[in-house]
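User: I would like to learn how to read helix packing and sheet order in a model. Please take me through one case.

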Amino acid sequence: MKDNTRKTIIKWWWIILIAPFVLIGFSLFLVALFAKIPSFEELENHKSNLATVLLSCDGKVLSTYHIENRTFATYEDLPQSLIDAAVATEDARFYRHSGIDFRGLGRVAVKTLAMRNSSSGGGSTITQQLAKTLFPRDESYGRFPGARVIHMVIIKFKEWITAVKLERNYTKNEIITMYMNAVFFGSNAYGINTAARTFFDKKPSELTVEESACLVGMINKPTRYNPALNYDQSMARRNLILSRMKRYGYISKHECDSLQQLDIVLNYQRQDHNTGLAPYLRDMLRRTMNATKPKRSDYRNHVDYQIDSVAWVDDPLFGWLNKNLKPDGTKYNLDKDGLRIYTTIDSRMQKYAEQAVRQHLSGDLQPAFNREMRYKRNRPYSNDIPEDVIQHSMAQARRWSDRYNGMKKAGVSEKEILKSFDVPVPMTIFAWNKKGYIDTVMTPNDSIRYYKGFLRAALMAVEPNTGKVKAYVGGPDYRYFKYDNVRQGRRQVGSTIKPYLYTLAMQEGYTPCDRVVNIPYSFVIGNDIWTPRSTDRQEYIGRTVTLKWGLTNSSNNISAFLMKQFGPEAMIEMCRKMGISSPLEPVYSLCVGSCDISVYEMVSAYNTYPSRGVFVNSMFVDKIEDSQGNLLESFTTRKREALSAQTAFLMVNLMQGVVNEGTGGRIKWRYGIQGAAGKTGTTNDYSDGWFIGYVPRLTAGVWVGCEDRQVHFESGALGQGANAALPIWGLFMQKVMADKSIGIANGEEFVAPMGWNFDLGCSGGGSDLSSESGSGGFQNDEYFD
């Protein structure tokens, strides 16, 4: 071979060898010069939709606000098995390259492209995958021939450059942490924190080796390898990951063989806006924190405007997102900014509260209500409800429905909209069964009636002295019943208002053992005379009884007597001192609970008694931090003295009589709770059932009723507060006291104030009557207030 020929061959050999690298280098230079590559500043401050987390006071995640359900985990939160599984599966040379694995690219070029062998995997490193996740691809491209290929080449080059920048900016530990926080695991789980909680109900640090392998296996195809959806495929994928961990020396052959024999044990709960603990609290906090400065034109009711105006000034949580801005002057976004909201809720108490509501409604009360409904002509409405009232109720429900508003916005005529409510359609409806729903076909009008026939409930529990809310349940099931019956709704309170009247009497010098004559008392109202209906048995009328007997047996006669002594204005003033802000008319019927008040206000007011006369504003949040853990605001208890400590203790004694010998007796003899004080309440036609009670270290209140007051029990034995609401309180308190980790013991005693010298030897039973009267005015299953 001639020298010139040999030199020419060598020259072209080098050209062919070097040209691809020169071409790649030149292309990278052009991309870096002209294409939009994330700057170092953007890499340092990349925007990621971080979910705001609601945390309980005992450190549990209650729920999140999110667009992408993602919360941040630190490197220290990641178990070594998770890191090993990710590296073994996604990027075996992760610790040996600087963002681009050219050996891996060569493998892809030879095996995948040339030999059509896809089992060799892709060539993207963990850092490249992170770059793609943090800075998503622009999928738009031109329509000329080859545009798609050129576009993909440019995208790859951009990802390579970004990956190299990431490697220069961050350590390997930081990159793997960012990667595990960025990836999508399916089931609305973004990032390892949410994934671990969704599939295994664990923190990432608590994951076992096989659980880590299972989650890493989902990164490639989160739906195909989702163990909740495709168990067998997920199991095969997990075992493949374990084999790769063995191949690269992260686990031994013995460990691999043993772990591959284990089943995938899920504790699966999809994390969305309808799930998690305390969904009604989450919704309420969103409304509260997003509140704007009240404008009178935005309110139908002047009282609500006044209440919110006071809250805007006095309550730092009310409108917090509009009162506190980020350093750059923009508003915080609950769905994107990754705030950490430390609530006062105790996750254990919250769980017990939700269980108690579900247990009583599904197991006892709703089945009894359904049996009554079978005999109603216009189910679920009571037989005595006029047709025009029913039609008004149905029309209002239609106007509030998503169907009506959606069709209205689409320009459909009123006639066609109303016609559509009589056309059967497939739908999923709530049911008290294992699944929590039924798939069926019915008309929208029938579905409205169906839902109106469900009993609703509300429970709130508060810690005395601090006012910290420990449990909050606004309804039976948030997915189907969004209305919050704790704070949004006001319902007639019935006899639960009577303690405020008795409090006024105690403050003015009366004692529980003072005696009055048990007779009807009448009030002159203009040209009319009004006499509260007596709930006492005829044989007790005309006898001298103690005030304690009056409250124990929820006697309307004794309440009327006290109202005559003090008048409605004085009673309203006492209610205001104890935190009641709802509208109260100065009428005599106030003494038997004719007004509407929220569960939130009632429980907060009752909490004054175990708080030794100090009214404490109920609070829901201890502090708020940003995504980096910087404190944004801490919240403190707001207090004021409402009653003397002696008055509060006298009321404790009076209300213990209700539980020991009166309408709340089931608390003691059925649920075995000792030392509790409380009051039942039942309204006209049994539309509302109440029980609010307390022990020295916890106050809780329960309301039960239907959405419409025209839908109610016909029987007092079933509809009274002692049967409708009290059992939820009893079940809740039983569970709380049985959990020794909470520390609230059964039978704890209330401590008398300093200088106490009252003789409270009287009882609320029959011994307090002026002559022999048997067992008093109460029988467990017959009497109601």
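Analyst: Below we take a helix pair, then a sheet and its helices. The model is predicted, with local features needing pLDDT of at least 70 and side-chain atom pairs counting only at pLDDT 80 or more, while totals for chains, interfaces and linings use all residues. Residues are numbered from 1 along each chain as its sequence is written, and side-chain values use heavy atoms, leaving out hydrogens and water.

User: How are α16 and α17 placed relative to each other?

Analyst: Two packed helices are described by the angle between their axes and the distance between the axes. Here α16 (residues 387-400) and α17 (residues 402-409) have axes that come within 4 Å and cross at roughly 60 degrees. The two are therefore oblique to each other (under 35 degrees is roughly parallel, over 145 roughly antiparallel, 65 to 115 roughly perpendicular, the rest oblique).

User: Which residues make the contact?

Analyst: Contact means heavy atoms within 4.5 Å. R398, R399 and W400 of α16 meet D402, Y404 and N405 of α17.

User: In what order do the strands of the open sheet run?

Analyst: Strands pair if DSSP finds at least two bridges between them. Five strands make up the sheet, ordered β7-β6-β20-β19-β18 with antiparallel pairing. At the edges, β7 (469-473) and β18 (677-682) each pair on one side only. The average twist from one strand to the next is 5 degrees. Between β6 (residues 456-462) and β7 there are four bridges, and V462 stands opposite V469 in β7.

User: Which strands does α28 lie across?

Analyst: Helix α28 (residues 726-738) lies across β6, β7, β18, β19 and β20, at about 145 degrees to β20.

Methods:
Axes are lines fitted to C-alpha atoms, for helices over the stretch in contact, and angles run from 0 to 180 degrees between N-to-C directions.
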